[in-house]
Amino acid sequence: MALRLGEMLVKAGRITSAQLDEALKSQVIFGGRLGTNLIEMGCIEEEELARVLSEKLRVPRVDPEELMNIPPSVVELVPLEMVEQFRIIPLRLENRRLFLVMADPSDLPAIDQIAFRTGFVIVPLVAPEIRLQMALEKYYDIRRELRYLPVSKELGGRKACGYRPNPVDVARAASREVVDFSTLSVEGEEHFPWEDAAGVDVRVEAAQQYTIDSLSRALADAPDREAVARALVGYVGQEFDRVALLLVARDTVAGWMAVGGGEPVPRFDELRIRFDEPSAVQAVVRGKTVYRGAVVPTPANMRLLAALGGGEPEGVLLVPMAMNNRVVTILCAAGKLDLLGARLEALQGIARKGVLAFEVLILKSKILMT
């Protein structure tokens, strides 16, 4: 749906081809749907995206004010288990007709299943993904993931592009604003993303013995960003007790995925370290350089160690993973300083492989787009 939506927006003159290309690249790196990335980049406003989605899917769009003011009696009509499974919000009930805001109103089998289980006639409605996420958090305490936070312009994240830009704006974007992800380089809940597309638990990957060849194959064949992350932490986790990936977003470095002793680290994705806080990750992002050494006991560094679990290690190694000279993720390993030093070059190579895996995903998106 995302690719057809993008082409529809381009043909309607609402975005440019350059902006679509950049949004697809951001989608690969940061996740989420295409429309969410376009909103965060400033290429389209939420209300206009809602209109386009409504036209495309041929279902009514929800009024944002009504979505954020649903009576508790309506919210209780659908159990939490179904809300989590289908990403839905009951909006209102008229006789036996339940108006339902859905992530994918075109999913007819899901609509049939919801109707059977609730006993209502389902009337699907559409809303932009980011608005739906806000409602899920408000009514069902389903936390928004990090990727629904905009990324810092100052520190080289996704860039804002002009709304309904003219040709001059596009030229400026090409030279100054838009990040070129085609050239990649590396500078010298409790919810875990441990299920594949079929819902199969793949934590066994972290426990099995990776070789560099099997890691390379896993990265080359990775279907999405979560599979790339699993492969990286699974491989590095064989040598170090605690390994993590951090995501650079907006004015914050945040936890993405971590393992300790071969098992997912609970609540690691709740970690947040602001760029204005003295920390090791601050130096890595701003300087685009590796950090190896003992952890200075600043509050931010202590939160990082606490999020990793297992007490205070002898040292940490933070390897930036950069795209077009901009850090988007950080590979983190904790352990003995001599081992971290001995494996520095190898871990830089592994980070480089991870960046290339993102490049493969970007190329796949471009192939599907054309």
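This note describes a three-stranded sheet, the helices that pack on it, and the residue Phe86.

1. The model is predicted: local features need pLDDT of at least 70, side-chain atom pairs count only at pLDDT 80 or more, and totals for chains, interfaces and linings use all residues. Residues are numbered from 1 along each chain as its sequence is written, and side-chain values use heavy atoms, with hydrogens and water left out.

2. Three strands make up an open sheet of mixed pairing, in the order 1-2-3. Strands (E, at least two residues) and helices (H or I, at least four) are DSSP runs, numbered from the N terminus; two strands pair if DSSP finds at least two bridges between them. Strand 1 (88–94) and strand 3 (121–126) each have a single partner strand, so one side of each lacks a neighbour in the sheet. From one strand to the next, the twist averages 30°.

3. Strand 2 (residues 97–102) runs parallel to strand 3 and is joined to it by six bridges. Leu98 has Ile122 of strand 3 as its bridge partner.

4. Helix 8 (residues 108–118) packs on the sheet and touches strand 1, strand 2 and strand 3; contact means heavy atoms within 4.5 Å. The direction of helix 8 makes about 135° with that of strand 3. Axes are lines fitted to C-alpha atoms, for helices over the stretch in contact, and angles run from 0 to 180 degrees between N-to-C directions.

5. Phe86 belongs to helix 7 (residues 80–86). With a relative accessible area of 14%, Phe86 is buried (under 20%, 1.4 Å probe, protein chains only). Beyond its neighbours within four places in sequence, Phe86 contacts Ala110, Gln113, Ile114 and Arg117.

Conventions: Buried < 20%, exposed > 50% of the residue type's maximum accessible area, 1.4 Å probe, protein only.
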